[in-house]
Amino acid sequence: MQTLAIFGAGRLGQSWGRLAQQSGRYRVVAVCCRSEAAARRAVDFIGAGQPATLDAPVALADLNLLAVPDDALAELATRLADRPTAIAATAFHASGVLDSAVLAPLTSAGLVCGSLHPAFSFAEPARAVQTFAGTLCALEGNAAAQTTLQAFAAAIGGRPFSLTPGSKAAYHASLSIASNFLVTLTGLAQAVAAQAGIEGELARSLLGNLMHQSLDNALTLGAARALTGPIARGDAATVRQHLAVLGGTPQAALYLALGRATLALAQHSAEHAGVPADAWARLSAELADPSAVAAPVPSIAVAPSEACATGGTAAISPTSIAGPSPSEWS
Ligand SMILES: NC(=O)c1ccc[n+]([C@@H]2O[C@H](COP(=O)([O-])OP(=O)(O)OC[C@H]3O[C@@H](n4cnc5c(N)ncnc54)[C@H](OP(=O)(O)O)[C@@H]3O)[C@@H](O)[C@H]2O)c1
């Protein structure tokens with residue numbers, strides 16, 4: 001059985017600690033937080049391990065999980081690098097955007113280093129351990145680290161897959177677009193529905209049903225084939241009416257930016273080849289109208305998705321989104 005030390009036993013650290021201990025394949029030997037009181041609470045939840053502060057001279061284990069906030073990883077790696085360690089010990093973190101290079105001091109100290117990012121939101125550890133099974137976990141690091149982390153991910157119920165070296169930022173950006181921006185779009189659609197006097201449960205059902213259907217179609221058929229609506233039909237007059245009603249409101253900027261991306265998707269796909277070229281040109285002219293974007297993008301309350309760790313509202317300027325090439329939408 002391998003030993004596991006956890007440095008930073010917050011939401012993810014506690015959840016993985018308990019799942020690892022319960023798997024019967026790992027023994028949690030140390031649980032370290034900034035305060036000893038927090039470490040003791042984490043040990044109670046995990047059901048194993050010695051509580052300690054992050055400053056205490058705790059020896060490294062076979063596996064060492066660094067689960068502090070991303071910004072604190074480099075400093076913690078430096079702090080741990082002079083601790084006694086077993087030969088071929090592994091250190092890993094769970095950041096979505098950082099790769100194992102942030103653990104360089106530990107690599108220099110002789111550990112094999114990697115990262116294991118779960119596409120999962122650990123809002124509450126007790127709930128997380130019940131629902132984690134089947135979660136896709138992105139692996140990165142050298143071959144030895146990946147072998148070790150693959151076994152760890154599988155033991156706690158995850159489904160590991162390897163990332164191409166150097167791809168973590170793109171990987172994490174895609175998760176943010178899929179998760180955070182979907183929430184932002186929901187808020188924007190609700191704000192525009194309110195302009196039509198549609199609010200509350202009616203707005204949730206009206207928009208929710210359509211959003212579920214569109215997402216299902218896009219995932220099943222692919223984005224280009226799933227696309228319907230005025231832009232896919234080449235209907236510039238409808239787009240003009242939308243912009244007339246949004247004109248001067250903060251939502252117009254996002255409508256234009258996403259409209260241009262939607263136009264590029266439709267225009268370059270075989271599914272919409274029947275739309276005449278002059279219709280695309282008219283749409284392009286409508287969507288280029290700078291007068292519709294006088295007001296700034298609004299601030300919308302967006303519930304952050306911890307799975308991607310990029311909660312917040314996206315400020316998108318109408319000129320900052322270039323239309324995608326068709327290959328970017330498969
Ligand atoms: N939560 C998620 O849904 C999720 C999902 C995927 C990946 N991740 C990744 O998992 C890692 C941990 O995230 P988390 O959500 O578990 O964080 P968290 O709940 O905030 O826990 C952070 C832990 O680090 C300690 N800590 C906080 N600030 C610190 C600092 N400046 N220096 C040293 N230690 C510090 C805390 O100690 P105290 O307990 O003493 O305060 C706590 O034990 C991050 O890399 C994150 O990107 C999280």
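Mentor: Ground rules: residues are numbered from 1 along each chain as its sequence is written. The model is predicted, with local features needing pLDDT of at least 70, side-chain atom pairs counting only at pLDDT 80 or more, and totals for chains, interfaces and linings using all residues.

Trainee: Why does T135 count as partly exposed?

Mentor: A residue is buried if 20 or more other C-beta atoms lie within 10 Å of its own, exposed if 12 or fewer, and partly exposed in between, with C-beta atoms placed from the backbone. T135 has 18 C-beta neighbours inside 10 Å, so it counts as partly exposed.

Trainee: Where is T135 found, and what is it in contact with?

Mentor: It's in the loop between α5 (125-131) and β7 (136-141). Helices (H or I, at least four residues) and strands (E, at least two) are DSSP runs, numbered from the N terminus. Leaving aside neighbours within four places in sequence, T135 is in contact with P118, A119, F120, G158 and R159. A contact needs C-beta atoms, placed from the backbone, within 7 Å. As for F120, 15 residues apart from T135 along the chain, the C-alpha atoms of the two are separated by 6.7 Å.

Trainee: Which residues of helix α2 are buried?

Mentor: In α2 (residues 36-46), they're A39, A42, V43 and I46.

Trainee: How do you know that they line one face of the helix?

Mentor: Look down the axis of α2: its buried residues fall within an arc of 105 degrees, so they line one face. That arc is taken over the directions from the helix axis to the C-beta atoms. The face turned away from the buried side carries the exposed residues A37 and D44.

Trainee: What do the buried residues of α2 pack against?

Mentor: Against α1 (11-23), β2 (26-33) and β3 (50-53). After α2 comes G47, with a positive phi near 90 degrees.

Trainee: What makes a set of residues a nonpolar core?

Mentor: Its members are buried Ala, Val, Leu, Ile, Met, Phe, Trp, Tyr and Cys residues joined through C-beta atoms within 7 Å. The largest one here has 54 residues, and L4, I6, F7, V31, L65, L66 and A67 have the most contacts inside it. β2 supplies the largest share of this core, six residues. Apart from it lies another core, of 17 residues, among them V239, L246, L254 and A257.

Key
Contact = placed C-beta atoms within 7 Å.
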